[in-house]
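Subject: Structure for your files

Dear colleague,

Here is the structure I said I would pass on. My notes on it follow below.

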Amino acid sequence: MISKRAGRAATTAPCRVTVCRGCCCGDATKIPGVDHAGQIPRLRAALDGAAPVRASECLDVCDQANVVVVQPSAAGRAAGGRPVWLGLVNDDDALADIASWIRAGGPGLAEPPGVLDLYTITVSRRVREGLEG
């Protein structure tokens with residue numbers, strides 16, 4: 001049986017954001033002209049506490065650097081939301097659009113801004129399951 005506290009946490013868990021910072025993502029040699037070190041702090045500031053942001057080792061989609069994965073909140077998952085993988089996230093406008101979408105509810109609860117369609121990528125099941133694990 002699930003305790004009330006565990007049940008409440010399961011229904012209120014926010015979206016989670018994972019930012020790749022492995023071998024290629026976050027590498028100024030591969031993607032010059034981007035303030036890679038500042039991306040995560042800027043995303044956290046734009047989210048204003050709406051979702052935790054974590055850095056991950058290589059997510060194995062190096063050709064799409066910089067990669068951001070938005071995992072739905074518990075409510076979003078209950079509504080059918082699934083993790084959304086975004087690639088080539090190399091400018092502050094994209095970070096602002098991602099943050100705006102998450103603050104509105106994220107996957108399963110809010111439609112992403114149309115421009116994020118340009119960043120959405122499909123990854124192999126092996127890669128997806130490695131993060132969702």
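**Strand E3 and the sheet**

From E3, Val68 and Val70 point one way while Val69 and Gln71 point the other, and all are buried. Buried here is under 20% relative accessible area, exposed is over 50%, and partly exposed is in between, with a 1.4 Å probe and protein chains only. Helices (H or I, at least four residues) and strands (E, at least two) are DSSP runs, numbered from the N terminus.

Two remarks on the source. This is a predicted model, in which local features need pLDDT of at least 70 and side-chain atom pairs count only at pLDDT 80 or more, while totals for chains, interfaces and linings use all residues. Residues are numbered from 1 along each chain as its sequence is written, and side-chain values use heavy atoms, with hydrogens and water left out.

The sheet is open and has five strands in the order E2-E1-E3-E4-E5, with mixed pairing. Two strands pair if DSSP finds at least two bridges between them. The edge strands, each pairing on one side only, are E2 and E5 (120-121).

Going through the pairs:

- E1 and E2 (residues 53-56) run parallel and are joined by four bridges; Cys20 stands opposite Ser56 in E2. The chain gets from E1 to E2 through H2, a β-α-β crossover that is right-handed: with the strands pointing away from the viewer, the path from the first strand over the helix to the second runs clockwise.
- E1 and E3 are antiparallel, with four bridges. Arg16 has Gln71 in E3 as its bridge partner, and Val17 stands opposite Val70 in E3.
- E3 and E4 are antiparallel over three bridges, and the bridge partner of Val70 in E4 is Val84.
- E4 and E5 are antiparallel and joined by two bridges; Trp85 stands opposite Ile121 in E5.

Four of the five residues of E1 are buried, so this strand is largely enclosed by the rest of the structure.

**Whole chain**

The protein has five helices and five strands, which run α-β-α-β-β-α-β-α-β-α from the N terminus on. Of its 133 residues, 41% count as buried. The accessible surface comes to about 7,300 Å², and 53% of that belongs to carbon and sulfur atoms; areas come from the Shrake-Rupley method with a 1.4 Å probe, and for residues only the protein chains shown count as cover. Contact means heavy atoms within 4.5 Å. Among contacts between residues at least 6 apart in sequence, 71% join residues at least 24 apart.

**Nonpolar cores**

In soluble globular proteins, nonpolar side chains tend to be buried together. A nonpolar core is taken as a set of buried Ala, Val, Leu, Ile, Met, Phe, Trp, Tyr and Cys residues joined through side-chain atoms within 4.5 Å. The largest one has 22 residues, and Val17, Leu43, Leu47, Val89, Ile98 and Ile102 have the most contacts inside it. Two or more residues each come from E1 (16-20), H2 (36-47), E3 (68-71), E4 (84-86) and H4 (92-103). H4 supplies the largest share, six residues. Leaving aside neighbours within four places in sequence, Ile102 is in contact with Cys15, Val17, Leu47, Ala51 and Val70. Apart from this core lies another, of 14 residues, including Leu59, Trp85, Val123 and Val127.

**Two glutamines**

Gln39 is found in helix H2 and, at 4% relative accessibility, counts as buried. What does its side chain reach? The side chain of Gln39 makes a polar contact with the side chain of Arg21 at 2.4 Å. A polar contact is a pair of N or O atoms within 3.5 Å; within protein, one must be able to donate a hydrogen and the other to accept it, and residues adjacent in sequence count only if both atoms are side-chain atoms. The Gln39 side chain also reaches the backbone oxygen of Val89 at 2.8 Å. Not counting residues up to four places away in sequence, Gln39 touches Arg21, Val34, Asn66, Val89, Asn90 and Leu95.

Gln64 lies in the loop between E2 and E3 and counts as partly exposed, at 21% relative accessibility. Gln64 and Leu88 are 24 residues apart in sequence, with 5.2 Å between them in space, C-alpha to C-alpha. With residues up to four places away in sequence not counted, Gln64 touches Gly87, Leu88 and Ile121.

Regards
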